[in-house]
Amino acid sequence: MIVELSAMYRIGIIGCGKIAQVRHIPEYLASGRATLAAFYDLNGERAGELAAKYGALSCASIEELLSCPLDAVSICTANHTHADYAVAALQKGLDVLCEKPMATSLEDCIRMVEAARKSGRILMIGQNQRLTKTHMKAHELIASGSLGRIISFQTSFAHGGPETWSVDPGKNTWFFDRSKAVMGAMADLGIHKTDLIDYLLDDSVKAVTATVTTLDKRGADGSLIAVDDNAMCIYEMAGGAVGTMRASWTCYGHEDNSTVIQGTEGVMKLYSDPDYPMVIERKDGTRELYELDAIQTNDNQTSSGVIDCFLDSLDRRSCPISAESVLPAMKAVFAALESSAKGSRITID
């Protein structure tokens, strides 16, 4: 019997903030399939400390890191850098895992997809909601026709904001800086739930009516932040379903990361029941209860599955969460911003 062993990949970490420290770095180490070879961060001291801790190189620039002997990189930086860093890495022949949102403009998203296609390398976006056991089971059941024809949905991602999540916590977090984040809750949380609806329904948004606004969050100077803290969207899907997506940084109670799918044969509730991550209520009154997993929260971090998925993609040379597969959700995000700005319904080409 021949046992095939996975390759050991040399990884460069671009951006050494919170998401790198609590997700990417520990999950690469836990995989047993990767070595942390190089680190880069605008804060050189932070990169140096991590490099020393893991026996890796500390790089003074992105160019220096991309010149190191690497197989792949994780991009864990502020939103506005994603496109340039990803394209540069792909052009160097490296595979890339990029945090969400993919980029801050549709043009940059398309540029990233085209760079991946031209280079023949993997470009994966960290849309981790596709990887929960509950969402994967829901996708399977919906695809099987268990709920009948999908009529409507409601999906929500709402918590108290990123102030305590950032590696530099407080009101000066880069998430509130328009020059770095460009978008607020819509890009931070809304892209997760938009991509999730596309995934669950095997569909894409064809039209959006949205309000994307700033209702409560204030910066260090006491004025409202320059990016949105709430987004309320009506999504019309190409397959005919119509539903709502809500993203909020002003949920100052228990985090809401729930989704409800309404079909002709019943209703599926995901992460809305405290005891069962999936509940299906049938039209005949029966209920099906599934014990699968618990949704992650900012205060309860467990393995996201993203790194294992990325490493599996490198082995297979095929990625289930490719940038190309996330592009329709990004189009919906930008359409929502346009809809809010114009006060009108926007159709997606």
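Which residue lies over the face of Phe157, and at what distance from the ring centre? I looked this up to begin with: Lys193 does, at 5.8 Å from the ring centre. For such a charge I asked that NZ of Lys or CZ of Arg be within 6 Å of the ring centre and within 35 degrees of the ring normal.

A note on what I am reading. This is a predicted model, in which local features need pLDDT of at least 70 and side-chain atom pairs count only at pLDDT 80 or more, while totals for chains, interfaces and linings use all residues. Residues are numbered from 1 along each chain as its sequence is written, and side-chain values use heavy atoms, with hydrogens and water left out.

**Entry: the whole chain**

I found 10 helices and 15 strands, taken as DSSP runs (helices H or I of at least four residues, strands E of at least two) and numbered from the N terminus. The radius of gyration is 20 Å, close to the 20 Å of the globule rule for 349 residues, so the chain is as compact as a globular protein of that length. That radius is taken over C-alpha atoms, and the rule is 2.2 Å times the number of residues to the power 0.38. The C-alpha atoms fill a box of roughly 65 × 60 × 40 Å along the principal axes.

**Entry: the inside**

I see that 54% of the 349 residues count as buried (under 20% relative accessible area; exposed is over 50%, partly exposed in between; 1.4 Å probe, protein chains only). The largest nonpolar core holds 112 residues, and Val73 is one of those that touch the most other members. Such a core is a set of buried Ala, Val, Leu, Ile, Met, Phe, Trp, Tyr and Cys residues joined through side-chain atoms within 4.5 Å. Leaving aside neighbours within four places in sequence, the contacts of Val73 (heavy atoms within 4.5 Å) include Gly12, Leu94 and Phe310.

**Entry: the rings**

How many aromatic pairs are there? I count 4, with ring centres of Phe, Tyr and Trp (its six-membered ring) within 6.5 Å; planes under 30 degrees apart are stacked, over 60 edge-to-face, the rest tilted. Phe39 and Tyr54 have centres 6.1 Å apart and planes at 20°, so they are stacked. Phe39 sits in strand 2 (residues 34–40) and Tyr54 in helix 2 (residues 44–54), 15 residues apart. Phe39 is buried at 0%, whereas Tyr54 is partly exposed at 25%. Trp174 and Phe175 are stacked too, with centres 4.1 Å apart and planes at 20°. Ring pairs link Trp174, Phe175, Phe176 and Trp249 into a cluster.
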